[in-house]
Amino acid sequence: MSGKVVALSGGVGGAKLALGLSKILAPEDLTIIANTGDDFEHLGLHISPDIDTLIYTLADMANPEQGWGIRNETWNFMAGLKAAGGETWFQLGDKDLVTHVLRTKALREGTSLTEITRDLCARYGARHKILPMSDDPVRTRVKTNEGPLEFQHYFVRERCLPEISGIEFTGMDTARLNPAIETAITDPDLSAIVICPSNPFVSVDPILKTGNMRALIKASGAPVIAVSPIVGGQALKGPAAKMMRELGLPTNVNGIADHYEGLIDALIIDQRDHACMQELQSRPFRTFATNTIMACLEDKVALATDTLALITNF
Ligand code: FO1
């Protein structure tokens with residue numbers, strides 16, 4: 001495979017494929033676009049969970065059990081916070097805290113999120129480019145039976161238990177697409193855009209809805225290949241299946257196909273969903289089945305290899 005690849009990713013699930021791609025593609029050939037709709041202010045700190053998950057994963061620092069946070073973390077800050085009666089529903093490890101402090105300080109000094117992300121990648125040793133979708137604030141809010149909730153409040157504090165009836169992205173009307181993304185997508189050497197197996201509604205949609213992202217993707221002419229985050233009616237990670245059910249959408253690969261139809265040229269589904277292949281054949285994109293469950297590094301590299309192999313089909 002020759003040429004450059006742009007990958008769209010949320011946190012843990014998407015970062016697994018991003019890591020696989022990073023093992024095959026040179027740093028100058030892979031740009032990963034991170035969702036920032038999950039960002040929030042907590043204890044006076046600016047937290048960018050998906051950016052950090054991507055950095056830690058690519059820098060081989062991530063906690064392998066959680067997927068987020070740092071391996072061999074210590075929790076003195078949380079213990080002190082608890083003892084002082086502070087808010088402890090969001091776990092901030094001592095090492096991870098350094099990232100949030102550095103980012104918050106730099107943002108207050110007027111540094112852009114893109115520059116800070118570049119700096120953090122360099123400090124931690126993530127060699128591939130990670131770009132926030134925008135330097136402007138976009139915040140995902142979930143409409144629930146308990147009222148509107150900020151994404152992390154829904155996801156972590158309420159453990160995705162409230163029933164959702166809609167999703168909105170505040171700040172999206174005025175948020176500008178990160179200009180470096182336009183550069184990556186209009187690069188004449190671009191050979192594919194990969195949509196990682198992240199939650200389509202709260203991780204990929206914010207990226208696609210930022211500025212003219214969708215139009216740029218269309219105009220690039222590069223094949224768009226999505227990997228389904230739903231396997232056997234279940235989400236690989238997180239609340240995607242529960243959200244789809246509550247939003248009245250089919251909780252299977254057809255729901256993912258409906259969502260991405262009109263944008264993608266290929267959908268990779270899991271081999272366990274092979275029975276859906278025939279049904280998907282009437283869609284205006286090609287469907288391929290392989291193992292999409294990335295339990296170990298070999299699985300991540302294998303899925304990345306299968307994804308990149310499709311590029312020659314277009
Ligand atoms: N996820 C949790 O389920 N519980 C946590 O306490 C938590 C803390 C946390 C701290 C820093 C960070 O970068 C991520 C963290 N996450 C936590 C993960 C994160 O909030 C979600 O996985 C993503 O927002 C969904 O993509």
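1. T210 sits in the loop between α8 and α9 (213-220), where helices are DSSP runs of H or I with at least four residues, strands are runs of E with at least two, and both are numbered from the N terminus. At 0% relative accessibility, T210 counts as buried, a label that means under 20% relative accessible area, with exposed set at over 50% and partly exposed in between (1.4 Å probe, protein chains only). When neighbours within four places in sequence are left aside, T210 is in contact with M133, S134, M172, A175, R176 and L177, contact being defined as heavy atoms within 4.5 Å.

2. On provenance, this is a predicted model, in which local features need pLDDT of at least 70 and side-chain atom pairs count only at pLDDT 80 or more, while totals for chains, interfaces and linings use all residues. Residues are numbered from 1 along each chain as its sequence is written, and side-chain values use heavy atoms, with hydrogens and water left out.

3. R103, a residue of helix α4, is likewise buried, with a relative accessible area of 0%. Its contacts, again leaving aside neighbours within four places in sequence, are with H46, I47, S48, I51, D52, L113, I116 and L120.

4. For the chain as a whole, the secondary structure comes to 13 helices and 14 strands. The radius of gyration is 19 Å, close to the 20 Å that the globule rule gives for 314 residues, so the chain is as compact as a globular protein of that length; the radius is taken over C-alpha atoms, and the rule is 2.2 Å times the number of residues to the power 0.38. Along the principal axes, the C-alpha atoms fill a box of roughly 60 × 45 × 40 Å.

5. Of the 314 residues, 55% count as buried, and residues 24 or more positions apart account for 68% of the contacts with a separation of 6 or more. The chain exposes about 13300 Å², of which carbon and sulfur atoms supply 50%, the areas coming from the Shrake-Rupley method with a 1.4 Å probe.

6. The largest pocket has a volume of about 630 Å³. Of the 37 residues that line this pocket, G11, V12, D50, W68 and F155 are the closest to its centre. A pocket here is an open set of points on a 1 Å grid over the protein atoms alone, with protein on both sides within 12 Å along at least five of seven lines, whereas a cavity is a set where a 1.4 Å probe fits but cannot get out, and lining residues have an atom within 4 Å of a point. Helices α1 (12-24), α2 (49-58), α4 (94-108), α6 (151-157) and α8 (200-209) each supply at least two lining residues, with α2 giving the most, five. By class, the lining has 18 nonpolar, 14 polar and five charged residues.

7. The second largest pocket, with a volume of about 360 Å³, is lined by 20 residues, of which T57, A62, N63, P64 and K300 lie nearest its centre. The largest share of this lining, five residues, comes from α1, and the classes are eight nonpolar, five polar and seven charged.

8. The structure holds one cavity of 30 Å³ or more, and the largest cavity has a volume of about 40 Å³. Its lining includes N63, W68 and D96, and divides into three nonpolar, five polar and two charged residues.

Note on methods
Points joined across faces, edges and corners; volume = space filled by probe spheres on them. Nonpolar A, V, L, I, M, F, W, Y, C, P; charged D, E, K, R; others polar.
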